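This report describes the fold of one protein chain for a reader who is new to structural work. Please keep the sequence and the structure in view while reading.

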Amino acid sequence: MNHDLNQAESKPHAPKIFVIGLPRTATTSVCVAMLKLGFPTAHTAYVKSAFDQAQVIADTPIFCDYQALDSHYPGSKFIYLERDLASWLPSIKQLLMRMSANLLSEKGGFNPIIKRCFKTTFSPFSVENIQSDEFLAGCYQRHIRQAKRYFNTRSADFLMLNVAQPDSFTQLVDFLGLAPHEVNVTGFEKINIAGKVTAWNEIKHPLKIASTRGGKIDKLDLILLPSPEAR
């Protein structure tokens with residue numbers, strides 16, 4: 001680790017909680033629940049300040065870089081969000097098709113962190129591939145298989161969660177070790193329905209942490225580390 005990584009220290013009294021499910025697996029719903037449970041939360045993080053200030057961080061670049069983050073933030077917890085493939089496939093396909101021009105653009109488009117994470121996770125990324133249910137299902141299964149293998153001996157640090165299951169919120173509360181008096185919500189809200197992906201932008205909450213610095217990102221090695229290769 002170089003000096004840039006060493007500067008991005010987490011708060012000693014607040015272990016990080018990384019939500020490592022793929023996009024369209026209810027990351028926004030979980031982040032909103034975390035805000036209401038009292039956790040400073042960032043849905044995506046592209047600057048040092050987001051990693052410093054947030055206790056809970058989800059989506060990009062977390063789903064791609066969770067192994068590097070685990071090494072850099074010892075003692076962290078990880079929540080893997082599952083979703084039934086029959087529901088996830090049309091949703092992720094719509095998202096990726098909408099993003100494809102910007103992801104494939106050699107000039108401009110999305111920031112390089114977004115490009116790297118999506119093109120690594122859905123590799124080889126092409127318009128043809130992201131229209132294939134078989135290809136996308138393979139990406140999903142590879143991602144979940146790698147996470148299960150990585151956390152195989154660390155059940156205390158790792159939770160598999162499907163928010164569509166009736167006991168999912170109770171599982172989350174138990175995993176976080178919250179006492180009954182610390183829980184003032186009863187479940188997950190349904191957010192970003194029917195292809196919408198911008199609901200987080202509309203959330204107003206004092207514990208919501210900005211993902212960028214006025215639209216700008218940091219070139220931290222922490223964020224730009226290559227994703228671990230499939231094994």
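## An enclosed helix

Helix 2 (residues 27–36) is largely enclosed by the rest of the structure, because 9 of its 10 residues are buried. Buried means a relative accessible area under 20%, exposed means over 50%, and partly exposed lies in between, with a 1.4 Å probe and protein chains only. Helices (H or I, at least four residues) and strands (E, at least two) are DSSP runs, numbered from the N terminus. The model is a predicted one, in which local features need pLDDT of at least 70 and side-chain atom pairs count only at pLDDT 80 or more, while totals for chains, interfaces and linings use all residues. Residues are numbered from 1 along each chain as its sequence is written, and side-chain values use heavy atoms, with hydrogens and water left out.

The buried residues of helix 2 are Thr-27, Thr-28, Ser-29, Val-30, Cys-31, Val-32, Ala-33, Met-34 and Leu-35. Their cover includes strand 1 (17–19), strand 2 (41–43), strand 3 (56–58), strand 4, helix 8 (168–176) and helix 9 (199–202). Just after helix 2, Gly-38 has a positive phi of about 100°.

Helix 4 is also mostly covered, with 10 of its 11 residues buried. Among them are Ile-62, Phe-63, Tyr-66 and Leu-69, together with Asp-65, Asp-70 and His-72.

## The protein as a whole

The secondary structure consists of 10 helices and 5 strands. The protein has 231 residues, of which 49% count as buried. Its accessible surface is about 11200 Å², and carbon and sulfur atoms hold 52% of that area; such areas come from the Shrake-Rupley method with a 1.4 Å probe, and for residues only the protein chains shown count as cover. Contact means heavy atoms within 4.5 Å. Of the contacts with a separation of 6 or more, 73% join residues 24 or more positions apart.

## Nonpolar cores

A nonpolar core is a set of buried Ala, Val, Leu, Ile, Met, Phe, Trp, Tyr and Cys residues joined through side-chain atoms within 4.5 Å. Which residues have the most contacts inside the largest core? They are Phe-18, Ile-20 and Phe-122, in a core of 43 residues. The elements giving two or more residues to this core are helix 3 (48–53), helix 4 (62–72), strand 4 (77–81), helix 5, helix 6 (112–121) and helix 7. Leaving out residues up to four places away in sequence, Phe-122 touches Trp-88, Ile-92, Leu-96, Phe-135, Leu-136 and Cys-139. A second, separate core has 27 residues, including Ile-17, Val-32, Leu-159 and Val-185.

Helix 5 (residues 85–104) and helix 7 (residues 133–150) pack at an angle of about 105°, and their axes are 10 Å apart. Helix 5 is therefore roughly perpendicular to helix 7. Axes are lines fitted to C-alpha atoms, for helices over the stretch in contact, and angles run from 0 to 180 degrees between N-to-C directions. Angles of 65 to 115 degrees count as roughly perpendicular, under 35 as roughly parallel, over 145 as roughly antiparallel and the rest as oblique.

In this contact, helix 5 supplies Leu-85, Trp-88, Leu-89, Ile-92, Lys-93 and Leu-96, while helix 7 supplies Asp-133, Leu-136, Ala-137, Tyr-140 and Gln-141. By class, the contact has 8 nonpolar, 1 polar and 2 charged residues. Ala, Val, Leu, Ile, Met, Phe, Trp, Tyr, Cys and Pro count as nonpolar, Asp, Glu, Lys and Arg as charged, and the others, Gly among them, as polar.

## Backbone details in the loops

Another cis peptide bond runs from Ser-123 to Pro-124, with omega near -5°. Pro-124 lies in the loop between helix 6 and helix 7.

## A buried lysine

Is Lys-115 buried or exposed? Lys-115, a residue of helix 6, counts as buried at 13% relative accessibility. Apart from neighbours within four places in sequence, Lys-115 is in contact with Asn-102, Leu-103, Ser-105, Gly-108, Gly-109 and Phe-110.
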